[in-house]
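Please keep the structure open beside you as you read.

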Amino acid sequence: MTVFNYLCGTARTLQLLQSPSANVHRSLRFLFRNESSFVPRKILVVAKLSRYHFERLREPKLSEAQLKVKLLERGSDYDTMLASHMATKAVENQVVQILQKMNVEYKIIDRTNLDHSLFTWADLVLPVGGDGTFLLASNLIFNDKKPVMGINSYPQKSEGYLLLPAKYTNAIPEIFEKLRAGHYSILMRRRIRITLKGEEIWQAPFHMHEKGRIVGSDRFYMNERFVNQHSVPTELPTERRLPWLALNEVFMGETLSARTSSLLIKFDEERKYHKVKGSGLCVSTGTGSTSWYKSIHSLNHQTVREILSFVDKRKFTNDEIDAICSTFNNSLRFDAEDSKLCYSIRDMIMTNAVPVPKDVYTRGFCRKVTVKSQCFDAGLVLDGGIAVPFNFGTIAEIETFREDSLRTVSLLD
C-alpha cells in the first residue's frame, strides 16, 4: 500500500468519525444558545490602530506629501494603506452614530490610550478592526463574565476569523437587533495564564509595535497610563501573575530572530527540564490552533510531493496532494473550549553536539508548560502584541483555567 493510499484511507476514516460529532456539537450549541435579551448600556469600542495612523505617529513632523514619498521610498503601498485607514474609520464612525441613536453610553480607545478601568466599566467590549484588535481587547478582559464581540472594519483585506461575519460590517443595526432578540450564542474560549518567577520579572511591558524594525528602539507612542499601571512595586516579590491573558498563543524567544533561543522546558508534572535550542517556543490554545500554530506545522505541496517520491515513483496529481495537505492541516485544529494546550518548538536544533531526549517532540499537547529562560534579549509575547522581557533565569508557568475563559458573542442566522 502506498503512503498516499494509506493517508487517504486514514483521511476518510477521520472524516467519518469527526463529522457526526462536529454536527452534534454545533446542534448542542444551537439548542443551548442564550435566548435572553441583551441590551448593553455601556460599550467600550476598541478601535484599530491602522498602519497609516501608526506611520503618522512615527513621523508627526512630515506633511502628507512628505509622508507619502517616504513610505513609497520604503516600498510601502501608500494608497492601499490610506484606503484601509479610511475604511476602518468609516466603520468606526458608523458604530458611534448608531450607539448615539440608541442612547448607549460609549467610550473609544486604541493601543495608544489603553485604560484597564474601562474594561471593568463596560457591559460589552466591542473591537472594531481585525483579529489583532480583537486579540488586544481580549488580553485586557480579566474574567469569564465580560462579553466581547468584534466587527470586521475592512473585510476586503482582513479574514476576521475571530470577528462577526463580514456581512455585518454594512449591517451594524442588525447586530444590536439580534442581541435584543436573544439571537446569539456564547462561546467560552480558553485563554492562557502566565505566572513569572525570578528576580527580573517587574520590568515595564511593551507592545511589539514599539520595537519596529530596530531592536531596542525607544518607545514612541506607548501611553504613560499603560506603563504606570504596571510599574515596579516598592517591594519586589519574586512571583508575578501577568495581568493579561492570551487568547491565541504565547511566544518565548530572543527578540532578534536570527539569534538562537535557548530554553529549559518541562511539561505537565515532569520534574526535570529538557534543554532545547531553536527559534523559540510557541504555546497555543484551541483558538490559536487555527492561527500561528497551524502556520508553523501546515504541510505544503512541495513537502508532500517530495516525501511521496521516496516511497512511490508514480506522479501524483494536484488533487491527490491537495487531499493529503488538507487532511493533515485540518487535523491540527482543536476546539476553542478545550482545556489542553499545544506547543511548538520552532526550528529545533538537533545535532550530535546538541542531543535532544527521545521523548521531546517539536510539537505536542499538554496541560501546563514550565519554561526557564537562558536567553539574553528575549521577550514573552502574548498574541503578538503585549510583551515582557524574558531573560536568563526567569521562569514562566503557562496554563489555562476555566475562570479565565473569554465570553465571546456570536450571532445566529
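Two strands count as paired if DSSP finds at least two bridges between them. In this predicted model, strand β13 (residues 281–284) is joined by four bridges to β14 (residues 341–345), and the two run antiparallel. Within that pairing, S284 stands opposite C342 in β14. Strand β10 (residues 249–254) is also joined to β13 by four bridges, again antiparallel, and here F251 stands opposite C282.

How do the side chains of β13 point, and are they buried or exposed? L281 and V283 point one way, C282 and S284 point the other way, and all of them are buried.

Now to the charged pairs. The whole structure holds 19 salt bridges, including these:

| Salt bridge | N to O distance |
|---|---|
| E64 and R56 | 2.8 Å |
| D404 and R193 | 2.8 Å |
| R259 and E254 | 3.4 Å |

The bridge between D404 and R193 deserves a look. D404 sits in the loop between β19 (395–400) and β20 (406–411), while R193 belongs to strand β7 (residues 192–197), so this pair ties together parts that are 211 residues apart in sequence. D404 is buried at 1% relative accessible area, and R193 is buried at 13%.

In the pair of R259 and E254, R259 is partly exposed, with 34% relative accessibility, whereas E254 is buried, with 5%.

Definitions and conventions: Residues are numbered from 1 along each chain as its sequence is written. This is a predicted model: local features need pLDDT of at least 70, side-chain atom pairs count only at pLDDT 80 or more; totals for chains, interfaces and linings use all residues. Side-chain values use heavy atoms; hydrogens and water are left out. Buried means under 20% relative accessible area, exposed over 50%, partly exposed in between (1.4 Å probe, protein chains only). A salt bridge is a side-chain nitrogen of Lys or Arg within 4 Å of a carboxyl oxygen of Asp or Glu.
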